[in-house]
Amino acid sequence: MAKLEILHFPDPRLRQACKPVEQVDDELRQFIDDMFETMYDAPGIGLAAIQVNRHERLLITDVSEDASNPLVFINPEIIEADGVEVTQEGCLSVPGFYENVERAEHIVVKALDRDGKAFEMACDGLQAVCVQHEIDHLDGKLFVDYLSPLKRNRIQKKLEKLKKQGRVA
Ligand code: QAP
Ligand code: CO
């Protein structure tokens, strides 16, 4: 197990395209374990592979209070979405900043699990928000992209300053 380095906004690597996963093998499962270690250590509730600089369509979530619901989504696709809900979101790649974002309230997501087996899952509440947030990462998109340019630029400036001061790892 190893903790991975998380990329921070506005790192251009967070904007690069992510390729579909072609093979779900032991090497990938090892990497997934490292992603969980990194996410739980933060602590966070969701992490996409691109945030730790692996450009493949893979994400993990655990929205439980007690690290009891680890979920893996490989090559995820949203096949149904309805309703609207606004939630205050954060992101491990935008540490210290939280803003309201509008998302679908209910989704059905189709993906492969850590054994490469296809599954479908209906999600609502925080799980639905988290899956949509993480799928955005796979498309090079960040929650700050939903904010006004003014707000986004303020966050970028503040984060760049904090990083320069060594106050963001
Ligand atoms: C995405 O985000 C998410 O700023 C996952 O200093 C967030 O795990 C989906 C975190 C909210 C739905 C709602 C953020 C940790 C973790 C920070 C996270 C921070 C430390 C964010
Ligand atoms: Co994020």
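Ala, Val, Leu, Ile, Met, Phe, Trp, Tyr, Cys and Pro count here as nonpolar, Asp, Glu, Lys and Arg as charged, and the others, Gly among them, as polar. Keep that sorting in mind for the shell around ligand 1. By class, this shell has 10 nonpolar, five polar and two charged residues. The structure is a predicted model.

Start with ligand 1. It sits in the largest pocket. There, 17 residues surround ligand 1. The closest are G44, I45, L92, G96 and Y98. Which element gives the largest share of the shell? Helix 2, residues 125-138, supplies five residues.

Now look at the oxygen atoms of ligand 1. At I45, a backbone N or O atom lies 2.8 Å from an oxygen atom of the ligand. At G96, a backbone N or O atom is 2.7 Å from an oxygen atom of ligand 1. Y98 uses its side chain: an N or O atom there is 2.9 Å from an oxygen atom of ligand 1. How much of ligand 1 does the protein cover? On its own, ligand 1 has 500 Å² of accessible area, and the protein covers 84% of that.

Next, turn to the metal. Ligand 2 is a cobalt ion. Which residues coordinate this ion? They are C91 through SG, H133 through NE2 and H137 through NE2. The distances run from 2.0 to 2.2 Å. Along the chain, the donors follow the spacing C-x41-H-x3-H. The pair C91 and H137 links distant parts of the chain, 46 residues apart. C91 is in the loop between strand 4 (85-89) and strand 5 (99-103), while H137 belongs to helix 2. Helix 2 is also the source of five residues in the shell around ligand 1.

Finally, check the backbone. Most residues other than glycine have a negative phi, and most peptide bonds are trans. Where does the chain depart from this pattern? The peptide bond from F9 to P10 is cis, with omega near 5°. P10 lies in the segment before helix 1 (26-41). Another cis bond runs from A42 to P43, with omega near -10°. P43 falls in the loop between helix 1 and strand 1 (46-48). Then comes A67. This residue is not a glycine, yet A67 has a positive phi of about 55°. Look for A67 in the loop between strand 2 (58-61) and strand 3 (71-82).

How values were computed:
Residues are numbered from 1 along each chain as its sequence is written. Chains are lettered from A and ligands numbered from 1 in the order in which they are written. This is a predicted model: local features need pLDDT of at least 70, side-chain atom pairs count only at pLDDT 80 or more; totals for chains, interfaces and linings use all residues. Side-chain values use heavy atoms; hydrogens and water are left out. A residue is near a molecule or strand if one of its heavy atoms lies within 4 Å of it. A polar contact is a pair of N or O atoms within 3.5 Å; within protein, one must be able to donate a hydrogen and the other to accept it, and residues adjacent in sequence count only if both atoms are side-chain atoms. Accessible areas come from the Shrake-Rupley method with a 1.4 Å probe; for residues, only the protein chains shown count as cover. On a 1 Å grid over the protein atoms alone, a cavity is a set of points where a 1.4 Å probe fits but cannot get out, and a pocket is an open set with protein on both sides within 12 Å along at least five of seven lines; lining residues have an atom within 4 Å of a point. A molecule sits in a cavity or pocket if more than half of its atoms lie within 2 Å of its grid points. Helices (H or I, at least four residues) and strands (E, at least two) are DSSP runs, numbered from the N terminus. Donors are N, O and S atoms within 2.8 Å of the metal (3.2 Å for Na, K and Ca); water is not among the atoms, so sites may look incomplete.
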